[in-house]
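Here is a briefing for a reader who has not seen this structure before. It begins with one residue and then turns to the chain and the pair of chains.

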Number of protein chains: 2
Amino acid sequence: MSASRFDVVGIGNAIVDIIARCDEAFLSNNAMEKGFMQLITASQADDIYALMGPAQEQSGGSAANTCAGIASFGGACAFIGRVAGDQFGKVFAHDIASIGVAYDTPSSDAGLPTARCLVLVTPDGERTMNTFLGASTELGPEDIDGDLIAAAQITYLEGYLFDRPEAKAAFHEAAALARAAGRKVALSLSDAFCVDRHRADFLELVRGGVDILFANETEITSLYQLNSFEDAAGAVRAEAEIAVLTRSEQGSMIISGNDTHDVPADSVEQVVDATGAGDLYAAGFLSGLTRSLPLGTCGQLGSLAAAEVISHIGARPEKNLLELAKNKAILT
Amino acid sequence: MSASRFDVVGIGNAIVDIIARCDEAFLSNNAMEKGFMQLITASQADDIYALMGPAQEQSGGSAANTCAGIASFGGACAFIGRVAGDQFGKVFAHDIASIGVAYDTPSSDAGLPTARCLVLVTPDGERTMNTFLGASTELGPEDIDGDLIAAAQITYLEGYLFDRPEAKAAFHEAAALARAAGRKVALSLSDAFCVDRHRADFLELVRGGVDILFANETEITSLYQLNSFEDAAGAVRAEAEIAVLTRSEQGSMIISGNDTHDVPADSVEQVVDATGAGDLYAAGFLSGLTRSLPLGTCGQLGSLAAAEVISHIGARPEKNLLELAKNKAILT
């Protein structure tokens with residue numbers, strides 16, 4: 001196996017977030033499930049947008065956020081995902097490239113606009129997401145660059161890709177290429193409803209195709225259809241090589257064979273916007289893993305990155321994460 | 001004169017801000033004058049954008065920011081300015097309408113994209129702006145709705161409009177209609193270099209066509225080509241009905257005939273991003289004036305709104321300004 005040119009290559013939906021604050025009533029009045037993601041059509045997107053308050057736009061997308069985080073930790077990272085040639089597409093491409101992530105997926109000219117996610121942030125900082133996938137659905141197996149996959153220590157995939165058949169095929173193509181090259185594959189389960197839609201596929205991956213699994217509490221209990229976190233943790237221990245389970249302010253649990261690492265969450269003054277917490281946790285964790293650090297330290301880096309991103313609006317880091325980790329003496 | 005349907009109608013360039021942090025060297029390396037605005041071409045915009053770090057997008061535009069602030073104070077406000085039918089145009093139209101500002105200028109189909117301003121924020125919170133005017137230059141006298149102007153207590157115009165002949169004609173049309181309807185006209189001088197480009201026009205307006213003048217220290221000294229603020233304040237006292245002079249952390253001075261009101265700035269923990277400080281000061285001042293409050297109180301409302309907007313990224317208020325003013329017992 002040759003030396004790796006990249007620490008991580010991330011594959012996911014390329015999305016611009018449109019972020020507005022709302023009250024709790026807005027969610028219930030518009031049949032939104034608080035804290036989760038729902039897929040919406042173009043016309044639903046227009047309807048919801050018209051009801052939203054003043055917003056701001058920032059690049060998002062789950063795996064893309066993770067890539068931005070890895071770059072902020074000083075890691076070498078690449079991203080694969082598709083935008084259109086419109087203004088939001090240019091915003092997405094600019095933001096990910098400008099933080100140092102290699103990104104050269106050609107933009108789509110099929111007529112669909114760049115994906116956008118209408119993010120509603122309630123006063124408690126929780127985010128509820130409505131995603132119009134647009135041009136990101138144009139990602140297919142032909143976009144997976146085998147040389148790139150082989151050149152990265154870890155291929156990181158978001159579960160959201162399973163929501164479209166072509167993207168799912170791209171996912172499988174990338175995982176197969178990574179394994180063939182002797183590389184690791186990491187998967188984020190993305191969202192409890194997403195798990196619900198694709199449970200059989202995800203279980204098969206956990207049992208065979210994936211080396212590192214990321215899930216939060218609702219996702220892992222949904223995967224195994226169990227009521228308690230402890231039972232789900234026990235189930236995943238028997239099946240996954242490394243399982244990284246995040247639990248918001250309760251921190252995270254890293255499971256590998258008989259080992260268990262409980263990692264506390266980093267305290268924040270106020271949760272301003274929880275968008276990107278899981279994505280940035282994964283960025284920290286993978287930044288540690290690609291540096292061959294102990295799993296507990298990987299978790300500490302995850303907690304640090306998650307705390308940074310929830311302390312401000314938007315799902316991309318505002319501070320340099322490598323500097324933060326050095327200040328806390330987790331990295332040198 | 002009939003009752004007014006609007007407190008203020010604002011006319012200005014309809015712009016989406018693209019905001020990124022940078023260090024001081026970035027400004028000097030790219031020949032940008034710190035704290036000022038320069039006009040750039042489409043290709044310069046592409047070049048600067050490519051050099052910028054990760055950014056976020058928010059609606060901006062000087063007079064539009066002021067309108068958003070007046071709406072946040074609970075005022076009835078309308079805005080006239082032109083976007084294109086692209087994604088940034090939809091962002092602009094959404095944000096201003098969703099805060100309650102009446103906005104129905106038809107979007108341009110002339111092929112130019114919506115105006116954008118590349119805002120670089122240095123560590124001290126100062127902002128340096130690079131504006132590609134795009135579709136906002138399509139604003140002309142035919143866009144000035146005489147009924148709307150006659151229905152507003154105050155027509156508020158940004159000096160930036162003078163940078164394009166058609167917009168300048170729209171400016172004069174609006175001012176003439178307001179005066180004919182017995183309404184007041186307010187002008188912001190916008191930027192010291194803008195004053196430099198249009199000094200004769202602005203002096204003529206101050207001497208005749210304008211009732212309320214807003215200027216910061218560099219703008220008013222540029223207008224009269226005087227070195228000291230005190231001399232410039234003396235010059236404008238002799239010519240303007242009401243002159244509102246802002247001086248950043250030194251507060252503001254309101255001059256009307258022989259009256260002078262010195263108003264302190266509201267303290268902020270940290271200047272995060274100075275973008276919109278002058279625009280929001282004007283929003284507070286006009287919100288007081290249209291409620292027939294004393295000039296000193298108008299200035300207090302200006303200080304309050306400016307302090308809110310510089311304490312976060314972006315030029316639009318994040319908190320409800322009416323609530324803030326009630327909490328401070330300036331409004332009831």
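Leaving aside residues up to four places away in sequence, A:Leu112 touches A:Ala84, A:Gly134, A:Ala135 and A:Glu138; two residues are in contact if their C-beta atoms, placed from the backbone, lie within 7 Å. This is a predicted model, in which local features need pLDDT of at least 70, side-chain atom pairs count only at pLDDT 80 or more, and totals for chains, interfaces and linings use all residues. Residues are numbered from 1 along each chain as its sequence is written, while chains are lettered from A and ligands numbered from 1 in the order in which they are written.

- A:Leu112 sits in the loop between β6 (102-103) and β7 (115-121) of chain A.
- A:Leu112 has 19 other C-beta atoms within 10 Å, so it is partly exposed; a residue with 20 or more would be buried and one with 12 or fewer exposed, with C-beta atoms placed from the backbone.
- From A:Leu112 to A:Phe202 there are 90 residues in sequence and 28 Å in space, C-alpha to C-alpha.

**Chain A as a whole**

- Chain A has 13 helices and 14 strands, which are DSSP runs numbered from the N terminus (helices: H or I, at least four residues; strands: E, at least two).
- Chain A is as compact as a globular protein of 332 residues, because its radius of gyration is 18 Å, close to the 20 Å from the globule rule; the radius is taken over C-alpha atoms, and the rule is 2.2 Å times the number of residues to the power 0.38.
- Along the principal axes, the C-alpha atoms of chain A fill a box of roughly 50 × 40 × 40 Å.
- Buried residues make up 57% of the 332 in chain A.
- Of the contacts in chain A between residues at least 6 apart in sequence, 76% join residues at least 24 apart.

**Where chain B meets chain A**

- In chain B, 18 residues are in contact with 18 residues of chain A.
- On the side of chain B that touches chain A, β4 (56-60) and α4 (87-98) of chain B are the elements that give two or more residues.
- The most comes from α4(B), with 6 residues.

**How the two copies are related**

- The same surface serves both copies, as 100% of the contact residues of chain B recur in chain A.
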